[in-house]
Amino acid sequence: MEENQFLALISANQGIIYKICQLYRDTDADREDLFQEIVFQLWRSIDSFRGDAKPSTFIYRIALNTAITAFKKGKRAIVSYTDQLPEIAMEAEQTALVQRKENLFAAIRKLEEADRALIALWLDELSYREIGEIIGISENNVAVRISRIKNKIKTTLTT
Amino acid sequence: MEIEEIKNLWASQPIEKKSKEVLAEMLKIKSHPVLKKIKTQLLLEMIAWLILLAVYYTMFDGEKRPWFINFVFVLGLLQAVTYNLSGYLAARNLIQGDNLSISFINYLRQLKKFRSSAIGSRLLLMTGLLLFFSYGHELNSKRIIAMLSISSIFILQLWLLYQQWTKRIGKLEAISKSFGAG
């Protein structure tokens, strides 16, 4: 695949990489490093993409594989900041929404690496067959495990 | 929180989009966060070993030592250079299979091989250096203590290296099992 085609593919699917980085790294700097590592690994593996699966399935597989096996740099302090001042009159509803999203991501990050991968794929509407192909387990196994993970997340979010 | 709400929250997560120019930059090793550092470190190490190889025969009296001492010394240095290079090339290949389970099994197998070869490579290098620089010197108590101290440091280094590899392999093994692989 030509570099331009590859970049168009990654550009169109970069949300997948972004979310995987959010789930598997704790700091912005680590997420940025992981994002770059995933793009690099995708570029190295792109010739093995034969087109018999959806490009997004291929991207998920490489991104998850990289997120779990790539070396992490030493521990970095968790500093979160934004480049905008908070709106004083921020709608209470919006604040609650942001809080709920943060709670959801925090609950997913508490899961084991394998469970994080399964639930991310399920939340992005991949079929059990596609999830099974990416992970390398049967559809039945996927169904059982997803059901268990959903319960775990619900429990975390309600406690 | 209900499942539908969880799905909606997940789908509405804002994404920080990167331009194609930024993505293109990420394909280069010189801007890679980890490989760039490994490459520089390995290059410096390899240059140091190669310089030592080039000058040891005349500067460190290689000509006055028997051939087998020279052989172990040169072999130790050459294999260290080769091992570093192969380690760098392997560090670029994280994807080892058509699904995550297979990829982890293969990657773990590779890491275990690397653990053995890392220890073997370091051991050979240290043996070569110790043999070469201690050969021909009369052994008195001071020299024996010095050699024992150096050997202890080498052994400690080997143990730390082994522990480092074992920790990483153990962690990946646990993850691999939780995926349902091997």
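**Chain contacts, domains and one lysine**

Visitor: Starting with Lys112(B), why does it count as partly exposed?

Guide: In this predicted model, Lys112(B) has 14 C-beta neighbours inside 10 Å and therefore counts as partly exposed, since that class lies between the buried cut-off of 20 or more and the exposed cut-off of 12 or fewer.

Visitor: And which helix does Lys112(B) lie in?

Guide: Lys112(B) belongs to helix α5 of chain B, which covers residues 100-134. From Lys112(B) to Tyr135(B) there are 23 residues in sequence, and the C-alpha to C-alpha separation in space is 34 Å.

Visitor: Switching to the two chains, how many residues are in contact?

Guide: On the chain A side there are 42 residues, in contact with 34 residues of chain B. The elements of chain A that give two or more residues to this side include α1 (3-12), α5 (92-109) and α8 (139-158), while α3(A) gives the most, with 9 residues.

Visitor: What about nonpolar, polar and charged residues there?

Guide: The side of chain A that touches chain B divides into 19 nonpolar, 11 polar and 12 charged residues.

Visitor: Now chain A by itself, what domains is it divided into?

Guide: Chain A has domain 1 (1-73) and domain 2 (91-159), and the centres of these domains, taken over C-alpha atoms, are separated by 19 Å.

Visitor: How many residues are in contact between those domains, and which element gives the most on the domain 1 side?

Guide: Between the domains of chain A, 10 residues of domain 1 are in contact with 11 residues of domain 2. On the domain 1 side, α2 and α4 of chain A are the elements that give two or more residues, and α4(A) gives the most, with 5 residues. The residues of that side divide into 6 nonpolar, 2 polar and 2 charged.

Notes: Residues are numbered from 1 along each chain as its sequence is written. Chains are lettered from A and ligands numbered from 1 in the order in which they are written. This is a predicted model: local features need pLDDT of at least 70, side-chain atom pairs count only at pLDDT 80 or more; totals for chains, interfaces and linings use all residues. Two residues are in contact if their C-beta atoms, placed from the backbone, lie within 7 Å. Helices (H or I, at least four residues) and strands (E, at least two) are DSSP runs, numbered from the N terminus. Ala, Val, Leu, Ile, Met, Phe, Trp, Tyr, Cys and Pro count as nonpolar, Asp, Glu, Lys and Arg as charged, and the others, Gly among them, as polar. Domain bounds come from an automatic or database domain assignment.
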